[in-house]
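Hi everyone, thanks for coming. Have a look at the structure on the screen, and I'll walk you through two spots in it.

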Amino acid sequence: MSDHPLGMDTFGLGAAPEGLTARAGAPLQPGLPVAGKEQVEDAIRQVHDPEIPVNIYDLGLIYTLDIHQDGSVAIEMTLTAPACPVAGEMPQQVAEAVAATEGVGEVQVTLTWDPPWTPERMSEDAKLALGMF
């Protein structure tokens with residue numbers, strides 16, 4: 001029996017630790033334009049949970065997204081379940097995708113389990129893609 005909210009089997013897998021942090025990028029050169037929120041969101045949408053055919057932004061896994069004046073970006077995210085098999089990899093994938101965006105400097109992605117993710121956090125597009133209407 002699955003304990004995953006969308007029915008995926010996570011039996012026997014350990015949870016990633018609260019506060020797991022991934023980093024990527026380098027300081028943005030002074031004077032360069034800083035990326036906007038839409039550009040960073042588009043970069044995050046390039047990352048997909050391998051078990052769910054929807055990007056992690058539309059799944060509602062990004063809790064906070066802060067873009068600072070120096071181009072650095074801080075992201076707090078969760079996963080669909082603490083025992084997600086990609087828990088240790090997903091924050092690094094997000095950090096690298098965002099760091100590759102023009103106008104972004106250093107990126108820090110922190111994993112949190114509070115509040116726990118629920119399907120209600122998904123966008124309408126994600127719910128439609130997963131047949132949840």
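**A side chain and a helix pair**

Let's start with N55, whose side chain reaches the backbone nitrogen of Y57 at 2.9 Å. The backbone nitrogen of D58 is also there, 2.8 Å from a polar atom of the N55 side chain. Before going on, a word on the source: this is a predicted model, where local features need pLDDT of at least 70, side-chain atom pairs count only at pLDDT 80 or more, and totals for chains, interfaces and linings use all residues. Residues are numbered from 1 along each chain as its sequence is written, and side-chain values use heavy atoms, with hydrogens and water left out.

Where does N55 sit? Its place is the loop between helix 1 and strand 2 (62-67). N55 counts as buried because its relative accessibility is 9%, buried being under 20% relative accessible area with a 1.4 Å probe and protein chains only. Leaving aside neighbours within four places in sequence, N55 is in contact (heavy atoms within 4.5 Å) with R45, V47 and H48.

Now, the helices. Helix 1 (residues 37-44) packs with helix 2 (residues 90-99) at an angle of about 135°, and their axes are 8 Å apart. That angle makes helix 1 oblique to helix 2; oblique is what remains once under 35 degrees is roughly parallel, over 145 roughly antiparallel and 65 to 115 roughly perpendicular.

Which residues make the contact? From helix 1 they are V40, A43 and I44, and from helix 2 they are V94, A97 and V98. By class, this contact has six nonpolar residues, no polar and no charged ones.

Terms used
Axes are lines fitted to C-alpha atoms, for helices over the stretch in contact, and angles run from 0 to 180 degrees between N-to-C directions. Helices (H or I, at least four residues) and strands (E, at least two) are DSSP runs, numbered from the N terminus. Ala, Val, Leu, Ile, Met, Phe, Trp, Tyr, Cys and Pro count as nonpolar, Asp, Glu, Lys and Arg as charged, and the others, Gly among them, as polar. Buried means under 20% relative accessible area, exposed over 50%, partly exposed in between (1.4 Å probe, protein chains only). A polar contact is a pair of N or O atoms within 3.5 Å; within protein, one must be able to donate a hydrogen and the other to accept it, and residues adjacent in sequence count only if both atoms are side-chain atoms.
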